[in-house]
Amino acid sequence: MVSETARVTSAAEARFRINEPNSKPRHVKVIALDPTSEALVKHLARLRWNNASFFTASAFAAAPPGRGFSMQGWLSDLAGRTKDLIDEIASADLVVMVATAGENAQAATLIGEACSLKRVNTTGLILGGSSATDEMLSKTLSKLRPWSLMLVIASGEDYVEDMLIALRA
């Protein structure tokens, strides 16, 4: 008897496979929330991606938006140019927020609210590593959990790259 795996990989079954790429590319926005994750996001941006854009919100993590705040110019691309948060999210299919355990991830609230408003899916990736304590992870999880449909604690920087590949960035 032929196993199920052998049967589905046979030439007879191969005729049912779709060998073309998805007709609609996915637009993924990757946003670093703190200076440590910003270094990783800058490194990842140098790799080859399908349709991903990379940004940082770490400059805004130090202080919450105050009086006279506008979402225009709230994000920065990796060249340091300000970008309109709502415009960037409106053109996205997925927003991936990258944070470091124990760092300030306060920007996740504003980004998450904008994603909710525009009905854009969100994923949170937390750089945990073996040096992250439960307290550090808890601090960052509490900021990302309300705004992330999927939340992953990454064991290392390679894991973040693998997740972006799996998310078709």
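**Reading the labels on this model**

Q: Why is Lys29 called buried?
A: Lys29 has a relative accessible area of 8%. Buried means under 20%, exposed over 50% and partly exposed in between, computed with a 1.4 Å probe on protein chains only, so Lys29 falls in the buried class.

Q: What kind of model do these values come from?
A: This is a predicted model, in which local features need pLDDT of at least 70 and side-chain atom pairs count only at pLDDT 80 or more, while totals for chains, interfaces and linings use all residues. Residues are numbered from 1 along each chain as its sequence is written, and side-chain values use heavy atoms, with hydrogens and water left out.

Q: What makes Glu88 and Lys29 a salt bridge?
A: Their closest N and O atoms are 2.8 Å apart. A salt bridge is a side-chain nitrogen of Lys or Arg within 4 Å of a carboxyl oxygen of Asp or Glu, so the pair of Glu88 and Lys29 qualifies.

Q: Why does this pair tie together parts that are apart in sequence?
A: Glu88 lies in helix α4 (residues 85–90) and Lys29 in strand β1 (residues 28–32), so the parts tied together are 59 residues apart in sequence. Helices (H or I, at least four residues) and strands (E, at least two) are DSSP runs, numbered from the N terminus. Glu88, at 15% relative accessibility, is buried.

Q: How many salt bridges are counted in the model?
A: The count is three. One of them joins Glu38 to Lys42, with the closest N and O atoms 3.1 Å apart. Both residues lie in helix α3 (residues 35–45), four residues apart, about one turn of the helix. Another joins Arg81 to Asp77, at 2.8 Å between the closest N and O atoms.

Q: Are Arg81 and Asp77 buried or exposed?
A: Arg81 has 52% relative accessibility, so the residue counts as exposed.

Q: Why is Lys42 called neither buried nor exposed?
A: Its relative accessible area is 35%, which means Lys42 is partly exposed.

Q: Why is the aromatic pair of Trp49 and Phe54 called tilted?
A: The ring centres are 6.0 Å apart and the planes are at 50 degrees. Rings of Phe, Tyr and Trp (its six-membered ring) pair if their centres lie within 6.5 Å; planes under 30 degrees apart count as stacked, over 60 as edge-to-face and the rest as tilted. The angle therefore falls in the tilted class. Trp49, at 15% relative accessibility, and Phe54, at 9%, both count as buried.

Q: How do you know that the buried residues of α7 lie on the same side of the helix?
A: In helix α7 (residues 157–166) the buried residues are Val160, Met163 and Leu164. They cover an arc of only 100 degrees around the axis, so they share a side of α7. The arc is that of the directions from the helix axis to the C-beta atoms. On the other side, Asp158, Ile165 and Ala166 are exposed.

Q: What do the buried residues of α7 pack against?
A: They pack against β1, α3, β2 (52–56), β5 (94–100), β6 and β7 (150–154), where contact means heavy atoms within 4.5 Å.

Q: What makes Arg119 exposed?
A: Its relative accessible area is 76%, so Arg119 belongs to the exposed class. Arg119 lies in the loop between α5 (107–118) and β6 (121–127).
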